[in-house]
Amino acid sequence: MKRIYIVDDHAVMRQSYALLLQRHGALELCGEAASAEEALTQMSCVQPDLVLIDMSLPKMNGLELLGILRKQMPQLYVLMVSGHRDNVFIDGILAQGAHGYLPKELAPKQLIAAIEQILSGHIYRCDE
Amino acid sequence: MNNPLAILIVDDDDQQYAQIAALLHRCYNPPPLLQRPNSDNEALQIMTAQQHDVYLLSCATNHGARSLLAKQSLTQGCLGPIIFIQPQEAHMFTTDTFEAGVTAQLFMTDLTPALLRRTIQDVLTQALMQKQMRKKQAWLMDSREQEQARLSHRLHEGPLQDLIGMRFYLGIASDVVDSAEAKEQLAFVQQNLQSVIDGLRSFCVELRPPALGPFGLEKAIRAEVGRFRHRYPGVEVISQLDSDELLLSTRVRLALYRIFQQALLNIVQHAEATRVLVDLTLSNSMVHLTIQDNGRGFILPESWAVFANEGRFGLFEAHERALNVAGHFHVQSVAAPNSATGTTLSITVPI
């Protein structure tokens with residue numbers, strides 16, 4: 001089982017991701033946080049394989065969290081999600097070390113496809 | 001002891017210049033620091049640099065050239081105050097001279113130290129009031145941007161995320177139901193939700209472009225160019241953009257981005273252009289943004305305030321935005337019937 005950690009300040013999104021992972025045989029939700037700060041205190045203990053981070057977080061944003069995690073946990077796969085779909089936005093996020101980017105409102109199947117692709121060592125980007 | 005006033009005197013006539021200089025020396029203690037450029041071109045450069053307290057444009061013969069100098073300097077960033085000095089009352093000023101931004105007029109025949117001193121004092125007071133007004137305008141613009149950013153953030157982080165979450169949840173639900181009819185109905189709701197999400201997102205982007213904060217001006221302009229191409233496929237946009245990363249302050253980024261947006265809006269609404277060139281260049285100490293189109297030009301006003309008085313606020317506001325970040329705003333355009341002379345808008349801002 002691959003361990004997935006979720007960082008999103010919206011409860012409805014965390015619940016949706018959790019439900020989706022529950023229904024998947026090979027992925028396991030190992031923890032969740034509503035802020036970057038909360039994630040940083042928990043993640044080193046739970047040791048996830050992949051973290052899914054929402055760009056827009058209160059206080060420290062998703063990009064800042066990405067920067068810290070790339071230094072502290074270089075083996076960790078990072079999938080960024082946000083509501084934006086501009087290519088320049090996606091390029092900017094991938095340039096900062098994310099392994100994938102997914103616009104938030106895409107179908108659940110695409111989220112699973114993104115996670116599986118990243119876990120197999122590939123970069124995932126979903127252009128419009 | 002007061003600092004001496006710095007005064008630029010533009011006068012081709014040596015005798016008249018000497019008279020004015022002598023009068024000024026009698027007006028002030030300590031005596032003012034006087035500078036006299038050798039040509040109108042040099043005068044324009046000095047006036048645009050805005051390093052003097054007052055600009056005296058004296059015209060023994062060529063009133064038209066001085067009027068043009070005043071107009072050019074003001075459209076290129078000079079804030080004045082400008083005083084015209086005419087040889088005698090016979091050379092009356094036209095209203096456009098004042099619309100060009102000249103603050104006061106004097107006649108050589110009437111000139112006394114007291115009148116000169118009083119007039120300079122008046123225009124300096126006016127200039128101070130204008131400066132305060134400009135500060136208030138800048139504050140208002142900043143406040144409006146902050147309010148828009150706050151609104152955009154609340155919409156993006158509140159209702160928009162909830163709608164996205166619900167749509168996502170419906171996607172999961174759709175996967176577990178077997179009935180084709182139920183799947184169809186769920187798909188219908190998802191589609192409608194997506195329309196609302198798209199509308200809300202466009203509104204959020206309009207209020208505050210998302211790329212501007214985390215990725216800088218170049219990325220934000222690229223994103224806007226992408227959206228523009230999508231909306232107006234008949235207009236070719238060629239962009240050459242230096243990367244600014246996060247080198248520019250938020251205020252400068254926002255000012256240049258809003259001016260860029262306004263330029264695109266003008267092109268769509270008025271220019272009937274088929275091609276737009278966008279250039280963003282960063283040097284050691286300056287950032288230059290140029291937007292050039294090949295559409296219909298327009299007659300440049302005496303000052304941008306003239307446009308505002310006519311209810312045309314776009315370029316007036318763009319000019320104000322440039323001034324608020326100590327920038328130079330320059331527009332080159334010619335109105336020619338049935339001819340695509342184009343318009344070039346350039347802004348230079350110190351980094």
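## A salt bridge between the chains

In this predicted model, B:D175 and A:K109 form a salt bridge in which the closest N and O atoms are 3.9 Å apart, a separation that qualifies because the rule asks for a side-chain nitrogen of Lys or Arg within 4 Å of a carboxyl oxygen of Asp or Glu. Across the interface of chain B and chain A, the rule finds one salt bridge, while the structure holds 21 salt bridges over all chains. The pair that crosses between chains runs from helix α5 of chain B, where B:D175 lies, to helix α5 (residues 108–119) of chain A, where A:K109 lies.

## The interface of chain B and chain A

The contact draws 27 residues from chain B and 28 residues from chain A, and the two chains bury about 2,400 Å² between them, with 66% of that area on carbon and sulfur atoms. Of the area that chain B buries against chain A, 27% is supplied by B:F168, B:I172 and B:F215, more than by any other three residues.

Polar contact also links the chains, with three residue pairs found across the interface, both residues of each pair at pLDDT 80 or more. On the side of chain B that touches chain A, at least two residues come from each of α5 (113–176), α6 (180–207), α7 (212–215) and α8 (217–231) of chain B; the largest share, 15 residues, belongs to α5(B). Sorted by class, this side of chain B comprises 12 nonpolar, six polar and nine charged residues.

## The largest pocket

The largest pocket has a volume of about 1,300 Å³, and 39 residues line it, with B:V205, B:E224, B:R227, B:F228 and B:R231 lying nearest its centre. Both chains take part in this lining: the elements that give two or more residues are α4 (87–95) of chain A and, from chain B, α5, α6, α8, α9 (250–271) and α11 (314–324).

Among these elements, α8(B) gives the most to the lining, with 10 residues. By class, the lining of the largest pocket has 16 charged, 13 nonpolar and 10 polar residues.

## Backbone features in two loops

Most residues other than glycine have a negative phi, and most peptide bonds are trans. Against that background, the peptide bond that joins B:N29 and B:P30 is cis, with omega at about 5 degrees, and B:P30 is placed in the loop between α1 (14–27) and β2 (33–35) of chain B.

Terms used
Residues are numbered from 1 along each chain as its sequence is written. Chains are lettered from A and ligands numbered from 1 in the order in which they are written. This is a predicted model: local features need pLDDT of at least 70, side-chain atom pairs count only at pLDDT 80 or more; totals for chains, interfaces and linings use all residues. Side-chain values use heavy atoms; hydrogens and water are left out. Contact means heavy atoms within 4.5 Å. Buried area is the accessible area (1.4 Å probe) that two parts lose on being put together, summed over both. A polar contact is a pair of N or O atoms within 3.5 Å; within protein, one must be able to donate a hydrogen and the other to accept it, and residues adjacent in sequence count only if both atoms are side-chain atoms. Helices (H or I, at least four residues) and strands (E, at least two) are DSSP runs, numbered from the N terminus. Ala, Val, Leu, Ile, Met, Phe, Trp, Tyr, Cys and Pro count as nonpolar, Asp, Glu, Lys and Arg as charged, and the others, Gly among them, as polar. On a 1 Å grid over the protein atoms alone, a cavity is a set of points where a 1.4 Å probe fits but cannot get out, and a pocket is an open set with protein on both sides within 12 Å along at least five of seven lines; lining residues have an atom within 4 Å of a point. Grid points are joined across faces, edges and corners, and a volume is the space filled by probe spheres set on the points.
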